[in-house]
Every structure is written in C-alpha cells, then in structure tokens.
Amino acid sequence: MEMKQPMMMENSNPSSAPESEELWENGLLIGGGSGAPQEGDKGLAGEKFNSAIGQVSNGYPSSPQSPGEGGTVGAPSCPRTLVVQQTSSDNPRETWSKKVDFLLSVIGYAVDLGNVWRFPYICYQNGGGAFLLPYTLMALFGGVPLFYMELALGQYHRSGCISIWKNICPIFKGIGFAICIIALYIAFYYNTIMAWALYYLLFSFRSPLPWTSCTNKWNTVNCTNYLSADNVTWTPNSISPAQEFYMRQVLQVHRSPGLHDLGPVSWQLALCLLLIFTVVYFSIWKGVKTSGKVVWVTATFPYIVLLVLLIRGATLPGAWRGVVYYLRPDWSKLLNTSVWIDAAAQIFFSLGPGFGVLLAFSSYNPFHNNCYKDALVTSSINCLTSFMSGFVIFTVLGYMAEKRNLNVSEVAKDAGPSLLFIIYAEAIANMPAATFFAIIFFLMIITLGLDSTFAGLEGVITAVLDEFPQVLAKRREWFVLGLVCVCYLGALSTLTCGGAFVVKLFEEYATGPAVITVVFLEVIAVSWFYGMSRFCSNVEMMLGFKPGWYWRICWVAICPIFLMFIICSFLFFPPELKMFDYAYPPWTTALGYCIGVSSFICVPAYMVYHLITIPGTFKQVRNPLTTHSAWGHFR
C-alpha cells in the first residue's frame, strides 16, 4: 500500500548543502520548474532514496520539516515539492476509525478513579469552594499546557514515548524507558483496585448485601449495625459492617502485621484480577481499532452511573449538609502552601501527562487533526467530571452523617479507596433498590479503571513496538500477552493479606515523584533543547497556526516552575504513610524512594550510554550545533 503526505508548495530560499541533505532523509525532493534532478544527479538521488528506506515509517516522515526549513533544489524563485511516500512493504501506521474513538479514549484515560475519590477529598480538606481558585490556576498554567504539548508531540512525530526522542533530543531517550517502567509499576497496583471492585460486584448479587449485617463469619464483637434499629448507639470503638467486610473479608489485613510479613495470596482476589487482565488483553491486543470500540462502553457508562447516583443522592435526607460542607469556602486556607501543592498535584495526576499515553494516542491521529481543540475539550471534561463527582460523593456523606447523628467531617475522614468501598458502599446498602445501585456503582468503578489500564498499557505497547518494529511489529498479540502476564505476576504482592499496604506504598512513592521528574525533563528537552521556535513551527505545520505567547511562556517557564514546585514540595514534605491502624516504619520510606529511583535512573544511565557510544570526540558531542545526531535540533 502506498501512502503519501499532502504535497507542500512554497517559495524556497538558498541554503547550505547539509540542510539540503536533511530533506532526503524524509523522502524525495523534486524541484519545480527547472529544479528537477539533473541527469548527473541520478546516482546521488538513487543512493539517497535507498538510504531513506527504513527511515520513513508508515508513510509519514519521521521528522517532518516545517515551512522555511531544510534545503532547496533549483533557483530560489522556483517552488519546491516535497513528496513523502511509503518506501517499504510495511503496513501504514494504524489510525483511529473515528475521531470520537480518540476523544473517548483520552477522556476515559484522564477520568479515572482519582476523579471520584481523590478530588472531593482534596477539595473539602483544602477550603471547599476556595480550593477551586488554586485548582483552576494550576490547570490553566500547568496542567492544560502540558496536556496540549504531549498531544502535539505525539501527533507530529507519530511515535511512542521511546522512539520519539530520536527526532527531538536523542540524549534524553532514557525518559521513554523510564515512562515504560513507571507504567508497569502502576499496572502492578492499579488493577488490584479493580479486582476489589469485582469482588464487591460478585457479592452485590446477594440479597441482602453482605456488608449490611453483623452476623457474618468475618464480623467481630465491635461490629455495630446502627442502621438496623433506632436504639443503637455509635461509640468510638464501633465498626460498621461495611468496614469489616472491606478489611476482614476482601483485604483480610487482620492476617498481616505489616509490610515485613504480607501473608498468603488471596485466591479469590487472584481470580478476580485474572478476569480483569483477560478483559484488558482482548480489548487491546489488536490495537486502537479494537480498544477504540471498547471505550464507547467503558468511557460513557461511568457518566450515566454518575448522573443516576447524583439524582439519587440529591433526594436523600441530609444531602444538603454534605454539599454545604463540600463547597463552603474557607479563604484562610489559601494562605497555606500545602493547598497549592495539593492543587498542583491533583491537576497533574488527573490530566495525566508524562505517562506516555497522550503521545501514543495522538500518534494514531491524522497529521492535520486539530489537537489544540482536543486538548481544550478533553481537559475541560476531565475537570468538570471531578467537580461533579464531588456532589455525587458528598450528598451521600451528608446522608450518612444524618443517619449517624455526626458531623460530616467525622464521616468524611476516610480518603482513597476507603471512601468508595466503605462509606459509599454502606450508604448504597441502606438505600431502596440497594442491589441495583450496588451493581451499577461497582461496574462504574471497574469501567473507570479499565479505561486507564487500556491507556497505560497502550502507551507501553506503542513505545516498544515503535522502537523495535522489525522484531515486534507482526507479533503484537504475543507481545501484549507477555506484557499482561508480567503485569499480573507483578501484582501478586498486592493480592496478599497485606497487599493494601503495598498498594499504598506504590501509589505514594513508586510512581508520583518519578513521573513528575520525568515530565520536568521532558518539558526542558522540548522547550530548551529542541527549541520553542521549532516546536511551534511543527504545530503550525499541522494546524495552520502557531501557538500564541501564552502557550509559549507556559512551556518555557511556567510549566517547569510548576513541576519543580511539586517536586520540591514532595522532597521537603514527604507524605506520612498510614493505613487503618498500621503506621509505616521508616525503612518503608527508603524502600519507596528506591522503587521510584529504579525507573528514573534510566534517564542518566542512557545519557552516559549515548555519550559513550556516539561517534566523534567529546568536544563534538557536547556541542549541539555541530553534532545534530547527538542533540537533535537546538534552537
């Protein structure tokens, strides 16, 4: 199959011979008028054409040139025509079947479990409605510009997070390898949360729901079913049936004293996780053609459920108490540095730049797709979803506070998965039609997680297949199967009785600091080494207009400061790990940092490797103006 880029006509200017040679790397240069190759140049043309085979991938230039760059053939007044065509028998790069497939995939990736449990908790903890001010500012000047940059990079270079660096700044190629390792770490623990939700879903078909009573084999003497009768008093030692079901039946944390002794693997959770990964495999094994269809269900179903739960929650007694607690502004909180740190971290992890997913997804777009509009639409939907999720959660928390005769703050003290699997599960169990609401709620949790897993693994798959196309291009199904098996085996430690402690450690230390540091280096490499003028020319070539000064200032200065702010806050104020009654010992902090460094170490390691293996003297290599292959385009 032959695929051609749209022909580009423009007036050319005289340039040097080395610049002219760059044009041959991307295809055939045919001058207009008398600028056609002369007879004496046929040998050179054939040599250049043959050398270009393998450098042109899937019918697209590996590094398309922006107008006004590159060399010329013929007189300055003659137009030039750059024809890029597929020069090998490889299949063209896969593309999305429809534009909406791409949008749903990006929305499904960005809108994940964190939008449902983390944003509402962070919001009320940091001043309620007042938190929306720092959150919006961090989104405008940090999160959305990074989101836009990654979509544009992936769409222009049409490469995954590893091979893209050969066109930007090869010495930073270790960033791509670090991203892949971080994605594996996330897959080790993130899918375990879906296994918990699947376990709940299977029990949801029982009537009554098993977390509504204290007569089960896993219950203790402290179990207090305060909703069963009016004369039951809630004491400090009381434990709800939902909490005991979560801790003693699902997690079984009472059988593990801590990280030093995790206990046996739960076979029930192991089977649930196996089913989750089976669904993941058959959703992504054929590429975006199949995953783009699956997201029509997994990306839209959560919104239907959220709307149903919002309507139901708004009709519960005491719902208004939760909403007031959620949105009541406490402007004095804005003077606290931690509020701004939380806002920056929340918007970053919510939009998700730096995980290789946006690069991978946008690389399957048509070259002239309007990624600018895509960035604005998808990031806005993500932020609005987080805000709406707060109402879904806090209307129920207000209802629970009303039932317990407590303040909302005492009910809403749980964050993370506990907010969903204890508080919300208990509230659903005491609603009319509890079985129906339990089923759709835990299905929503599973679909929210599946979207993010599809995206995270697709980022790794695209990166590796683009880096090793000769070996893996025709063996995608087998590679995906091997990757899924590795993820499943890596997740076994999270399926033990102390697996919840492992999940918390991975979440806080193994991924967060490493990925923020990686994105910081990515922004520096693109803005300062690759060059902002060149990057803006790339965007203009795709969209027909250059990014404005707002975007350029964000990319060059504000985004690096934004990321450095988060990194420094983590180093100076590391999170205090505590889960249930277990306080993490000091050695676990060192372990967490070691896991995080194990991925980031790829960046300096590859720099050293690149400097050692690249031909030329060190003086030539360290000068980006004389060694193009070492440093990419430096402007």
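Reader: How many salt bridges does a search of the whole structure find?

Author: Start with the general idea. Side chains of opposite charge can pair when their charged atoms come close. The rule here asks for a side-chain nitrogen of Lys or Arg within 4 Å of a carboxyl oxygen of Asp or Glu. The search of the whole structure finds eight salt bridges. This is a predicted model, where local features need pLDDT of at least 70, side-chain atom pairs count only at pLDDT 80 or more, and totals for chains, interfaces and linings use all residues. Side-chain values use heavy atoms, leaving out hydrogens and water, and residues are numbered from 1 along each chain as its sequence is written.

Reader: Which residue forms a salt bridge with Asp-101?

Author: Lys-293, with the closest N and O atoms 3.1 Å apart. Asp-101 sits in helix 3 (residues 99-110) and Lys-293 in helix 10 (residues 288-298), so the pair ties together parts 192 residues apart in sequence. Helices are DSSP runs (H or I, at least four residues), numbered from the N terminus.

Reader: Where does Lys-173 lie, and where Glu-467?

Author: Take the distance before the places. Lys-173 and Glu-467 form a salt bridge, the closest N and O atoms being 2.5 Å apart. Lys-173 lies in the loop between helix 6 (165-168) and helix 7 (174-203), and Glu-467 in helix 18 (residues 434-467), so this pair ties together parts 294 residues apart in sequence. Lys-173 counts as buried, at 13%.

Reader: Which cysteines form a disulfide?

Author: The test is a pair of cysteine sulfur atoms within 2.5 Å. By this rule the count is one disulfide. Cys-214 and Cys-223 form it, with sulfur atoms 2.0 Å apart. The angle about the S-S bond is -75 degrees, a left-handed link. Cys-214 is partly exposed at 26%, while Cys-223 is buried at 11%.

Reader: How many residues has the largest nonpolar core?

Author: Such a core is a set of buried Ala, Val, Leu, Ile, Met, Phe, Trp, Tyr and Cys residues joined through side-chain atoms within 4.5 Å. The largest has 195 residues, and Trp-196, Trp-211 and Phe-535 have the most contacts inside it. Helix 21 (residues 499-543) gives the largest share, 27 residues.

Reader: What is Phe-535 in contact with?

Author: Contact means heavy atoms within 4.5 Å. Leaving aside neighbours within four places in sequence, the partners of Phe-535 include Met-149, Leu-153 and Trp-555.

Notes. Buried < 20%, exposed > 50% of the residue type's maximum accessible area, 1.4 Å probe, protein only. Helix = DSSP H or I, 4+ residues; strand = E, 2+ residues; numbered from the N terminus.
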